[in-house]
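Hi everyone, thanks for coming.

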Amino acid sequence: MNLDSLLPNLGEWLKGTGPESDVVVSTRLRLARNIAHYPFTSRATLHQKAEIESRVREVFNQVDLGCPVQYVPVANLPPLDRQFLVERQLVSRELANVLEGPRGVAFDERESVSVMVNEEDHLRLQVLRSGLALEEAWTVIDRVDDGLESKLAYAFHEQFGYLTACPTNVGTGMRASVMVHLPALGITKQIEKVFRALQKINLVVRGLYGEGSRASGDLYQISNQVTLGKSESRILAEIREVIAMILQYERQARQLLLRERRQAEQDRVARALGTLSSATMITSEETMELLSAVRLGMNLHLVEEIPANIVNQLFIQTQAAHLQKLMGMPLDGEERNAARARFLRNKLRELGANPR
Amino acid sequence: MLCESCGKQPATVHLTDIVNKKKHELHLCEECARKKELIPATSTGVPLNLEALISLIMVPAGVQETDTSSLVCPTCGLSYAAFRAQGRLGCPDDYEAFRPALLPLLERIHRNVVHQGKTPRHATWRESRIAELDQLRTELAAAIAAEQFEEAARIRDRIRHKETADEPR
């Protein structure tokens, strides 16, 4: 499969629609599963990993997962293509760059369902959705899980549930993450307070690209930590409750900004748009920061309408691997910054985006 | 006060130990204290068995002392110490092999040690477990017939682990 064919379209989850999409960018569910009678990936031989890979590929062709999926073996992909899949949120950085041997990912056309093979666990099922859609995502992933399980004997234990390579995932094997855009809580300096409260109730906050990644562009992933002793529906209910609270705080903070410093915010958004549409060199970090301001400006109606999906897409398309694919050549750091600026200028000119 | 060990006789032997500023107390009847070799069988002036006393008092009642670092999974060969160093388990059987050490760890991470929620809808995992036990029993018989007793003992341990994993809790 030529990954370049994915380039013109962006995953469904970036549509910028869905419930609460002024704050919630996307919802992601992940299930960790292992196949019985095999060592976990870190202790499996190359031969065993190849066996697992071919068995699972067979199953992908045999069962109905609710949508047709295509398998991409990652081991033989050039580094740029691997990075591309990471930016697309289809594979983890570990699967792309750290792990060795036979491994890969199957995903559907809309890039909403994906299954990583031979990651830390033999199978990592994922469902991505635009906006806040925990129940909907659960229905989909539950079906994918049932489909795979009809042909594969999972490592399951009466007491401990689904067995995983790391005890932090054992039980349901489920991680539910909601990606939220919280610029106003950042500006009003309340974000630390919110995160401290989350940690107290055992929820984790991470940056855009998961574990260990830094939060940029005011994008945060909020996910559950506990996987053992709480049912999936209870975990989802707890996250939903917390997200409702965060939504309320962020919206209050946005209204506060409008009331107390509308002019200053309008100026900040206009300058962000100005920089994005006229810079000749721009780093990925600065782009994220400025896009965050534009996204907030859109939601507060401080800029003329830009389609929400465009800003979400720009977050992804200005990442290193996407940019190099869009430009059709490898670029070093400086060339990349110039190419990014050129890309942004053209995109925003096309849209005729103007500060209000 | 009744004996903490048998719960029947009145406690007449009172032990207090302070380690790292933590006070541990143990109250036993004379019979139990003798059983645990805290008091010599006949009073011939032999001093108290200090080692037995300390090990007894340091282990909370009802918990078997196990040296967790020496646990090794009979299936994949991973030691508990190696797991602690890498943070990743080697195979599904580790959950049984390392059970005494994993339970407190799971309790710390999840504040719970019993799964709630989805279970596999198809019985494939159960059937495969039964098939695997059959296979192991065949291997065991073969090892005994070939007088490979070390191998037989290893297989026997794996069977035991699997059987205990099947018991309902």
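Let me start inside one chain: where domain 2 of chain B meets domain 3 of chain B, the rule finds 0 salt bridges. Keep in mind that this is a predicted model. For polar contacts, that same interface of domain 2 and domain 3 of chain B gives 1 residue pair, both at pLDDT 80 or more. On the domain 2 side, the residues touching domain 3 of chain B split into 2 nonpolar, 1 polar and 2 charged.

How much area do domain 2 and domain 3 of chain B bury between them? About 500 Å², with 48% of it on carbon and sulfur atoms. B:Pro74, B:Asp93 and B:Glu96 supply 79% of what domain 2 of chain B buries there, more than any other three residues.

For orientation, the domain assignment puts domain 2 of chain B at 67-117 and domain 3 at 121-164, with domain 1 at 13-56. The C-alpha centres of domains 2 and 3 of chain B are 21 Å apart.

Now to the chain A and chain B interface. Here 44 residues of chain A contact 39 residues of chain B, and the buried area is about 3,600 Å², 57% of it from carbon and sulfur atoms.

How many salt bridges does the rule find between chain A and chain B? It finds 6. One pairs A:Glu120 with B:Arg88, whose closest N and O atoms are 3.0 Å apart. On the side of chain A that touches chain B, H4(A) gives the most, with 5 residues. That side of chain A divides into 19 nonpolar, 15 polar and 10 charged residues.

Technical notes
Residues are numbered from 1 along each chain as its sequence is written. Chains are lettered from A and ligands numbered from 1 in the order in which they are written. This is a predicted model: local features need pLDDT of at least 70, side-chain atom pairs count only at pLDDT 80 or more; totals for chains, interfaces and linings use all residues. Side-chain values use heavy atoms; hydrogens and water are left out. Contact means heavy atoms within 4.5 Å. Buried area is the accessible area (1.4 Å probe) that two parts lose on being put together, summed over both. A salt bridge is a side-chain nitrogen of Lys or Arg within 4 Å of a carboxyl oxygen of Asp or Glu. Helices (H or I, at least four residues) and strands (E, at least two) are DSSP runs, numbered from the N terminus. Ala, Val, Leu, Ile, Met, Phe, Trp, Tyr, Cys and Pro count as nonpolar, Asp, Glu, Lys and Arg as charged, and the others, Gly among them, as polar. Domain bounds come from an automatic or database domain assignment. A polar contact is a pair of N or O atoms within 3.5 Å; within protein, one must be able to donate a hydrogen and the other to accept it, and residues adjacent in sequence count only if both atoms are side-chain atoms.
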